[in-house]
Amino acid sequence: MSYRRDHRASKAALIDNFDNIEEGGLRASSSYSHGISDHENEGAMDSLQDRVSFLKRLTGDIHEEVENHNRMLDRMGNEMDASRGIMSGTMDRFKMVFEKKSNRKICQLAAYFVVGFFVLYYTFRVLLYFLYG
């Protein structure tokens with residue numbers, strides 16, 4: 001993580017000098033190229049090499065991040081497929097239960113009990129709220 005923080009500062013330095021590149025600051029005219037000393041040329045080459053290596057590391061980080069996201073999306077897709085299979089199996093079982101009339105009546109009775117339980121629960125809860133509230 002500190003590796004990325006160190007290079008974020010370098011990114012600002014890289015972008016600050018981008019205007020010079022657009023304006024032709026790194027382009028050498030024929031009269032200017034004769035006046036450049038080897039020392040200045042080496043300095044410019046080192047600066048350019050640093051920028052290229054920074055961009056290479058940055059693209060490597062982007063590639064790594066994309067690969068991590070792709071793996072995460074693949075895992076999530078596999079989990080969604082598994083849950084879809086479970087849900088379809090459950091729905092098939094419900095269909096089998098509701099095909100017979102006697103099973104349908106038993107399910108309706110169970111649903112009435114569940115609904116009745118919730119109605120009684122909330123009724124008592126509201127009464128207790130008003131009594132002790």
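Author: In this predicted model, F117, F118, Y121 and Y122 form one aromatic cluster, and a search of the whole structure finds four aromatic pairs.

Reader: Why is the pair of F117 and F118 called edge-to-face?

Author: The ring centres of F117 and F118 lie 5.7 Å apart and their planes meet at 65 degrees; because rings pair when their centres lie within 6.5 Å, and planes over 60 degrees apart count as edge-to-face, the pair of F117 and F118 is edge-to-face.

Reader: What makes the pair of F117 and Y121 stacked?

Author: Here the centres of the F117 and Y121 rings are 6.4 Å apart, with the planes at 20 degrees, and since planes under 30 degrees apart count as stacked, that is the label for F117 and Y121. Both residues belong to helix α5 (residues 101–132), where they sit four residues apart, about one turn of the helix. An α-helix has 3.6 residues a turn, so residues three or four places apart point the same way.

Reader: How do you know whether F117, with 54% relative accessibility, is buried or exposed?

Author: The cut-off for exposed is over 50%, so F117 at 54% counts as exposed.

Reader: How do you know that the span of helix α4 agrees with what its 62 residues should give?

Author: At 1.5 Å a residue, the 62 residues of helix α4 (residues 38–99) should span 92 Å, and the C-alpha atoms at its ends are 90 Å apart, which agrees. The buried residues of α4 are R51, F54, D61 and G89, while for the protein, buried residues make up 5% of its 133 residues.

Reader: What makes α4 roughly perpendicular to α5?

Author: The two helices α4 and α5 pack at an angle of about 110 degrees, with their axes 5 Å apart; because angles of 65 to 115 degrees count as roughly perpendicular, α4 is roughly perpendicular to α5. The contact is made by V97, F98 and E99 on the α4 side and by K101, N103, R104 and C107 on the α5 side, and its residues divide into three nonpolar, one polar and three charged.

Reader: Which elements does the protein have, and in what order do they run?

Author: The protein has five helices and zero strands, and from the N terminus on its elements run α-α-α-α-α.

Conventions: Residues are numbered from 1 along each chain as its sequence is written. This is a predicted model: local features need pLDDT of at least 70, side-chain atom pairs count only at pLDDT 80 or more; totals for chains, interfaces and linings use all residues. Side-chain values use heavy atoms; hydrogens and water are left out. Rings of Phe, Tyr and Trp (its six-membered ring) pair if their centres lie within 6.5 Å; planes under 30 degrees apart count as stacked, over 60 as edge-to-face and the rest as tilted. Buried means under 20% relative accessible area, exposed over 50%, partly exposed in between (1.4 Å probe, protein chains only). The expected span of a helix is 1.5 Å times one less than its number of residues. Axes are lines fitted to C-alpha atoms, for helices over the stretch in contact, and angles run from 0 to 180 degrees between N-to-C directions. Angles under 35 degrees count as roughly parallel, over 145 as roughly antiparallel, 65 to 115 as roughly perpendicular and the rest as oblique. Contact means heavy atoms within 4.5 Å. Ala, Val, Leu, Ile, Met, Phe, Trp, Tyr, Cys and Pro count as nonpolar, Asp, Glu, Lys and Arg as charged, and the others, Gly among them, as polar.
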